[in-house]
Amino acid sequence: MIYKPNFFVITGGPGVGKTTLLATLARQGYPHVPEVAREIIREQMAQNGDALPWANIPAYTRLMLSRSIDSFQQHQVHDEILFFDRGIPDTLAYAHLTRQPVTPELDHATLKFRYNPLVFILPPWPEIYQTDTERKQTYQEAVATYDIMLTTYRELDYTPVIVPQGTPEERAAFVVHQLS
């Protein structure tokens, strides 16, 4: 097992303000690792690939897992606090959400690569939810994603910390306070 207590996951369903929160934390001096899922979607769309959540879900999931593991490993030398826009367990939650079988590789990765037990999870927030070219889920799908993320992280012995609604600065202050 590789345990990185300085690695903190910020997660939740789509459209809940994760990227905005991470940008706010970055302005306060806390570095972060971008979400691999959006990167995959942009690459696949540019290449006319089909490893997309609305085309080839198994291929998309495999890429998500591979990129999430690579991201964790690339940042292992980092000893200060580092926030991740989603973590490896998000791929397991996505597999559950899309009713895919959990592969041994996925199961193994969630146990081998461990983040800090505190996981910051942003709940659904209808007033800020928007779709775009990479986020096509309905608000109801965003709620279902949140529910399965919460359950998955708990089942993997993480402690989800619900980040309350508020301005990005208020949310960042909440997260920083939880670190102390």
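Which side chain does Arg-86 meet in a salt bridge at 2.8 Å, N to O, apart from any other partner?

1. The side chain of Arg-86 meets that of Asp-90, with 2.8 Å from N to O, where a salt bridge is a side-chain nitrogen of Lys or Arg within 4 Å of a carboxyl oxygen of Asp or Glu. This is a predicted model, in which local features need pLDDT of at least 70 and side-chain atom pairs count only at pLDDT 80 or more, while totals for chains, interfaces and linings use all residues. Residues are numbered from 1 along each chain as its sequence is written, and side-chain values use heavy atoms, with hydrogens and water left out.

2. Arg-86 also forms a salt bridge with Glu-35, the closest N and O atoms being 2.8 Å apart. This pair links distant parts of the chain, 51 residues apart, with Glu-35 in the loop between β3 (32-33) and α2 (36-46) and Arg-86 in the loop between β4 (82-85) and α4 (88-97); helices (H or I, at least four residues) and strands (E, at least two) are DSSP runs, numbered from the N terminus.

3. Glu-35 is buried at 13% relative accessible area and Arg-86 is buried at 16%, as is Asp-90, where buried means under 20%, exposed over 50% and partly exposed in between (1.4 Å probe, protein chains only).

4. A further salt bridge joins the side chains of Glu-39 and Arg-67 at 3.2 Å, N to O. Glu-39 lies in helix α2 and Arg-67 in helix α3 (residues 57-74), 28 residues apart. Glu-39 is partly exposed at 34% relative accessibility, and Arg-67 is partly exposed at 22%.

5. By this rule the count comes to four salt bridges.
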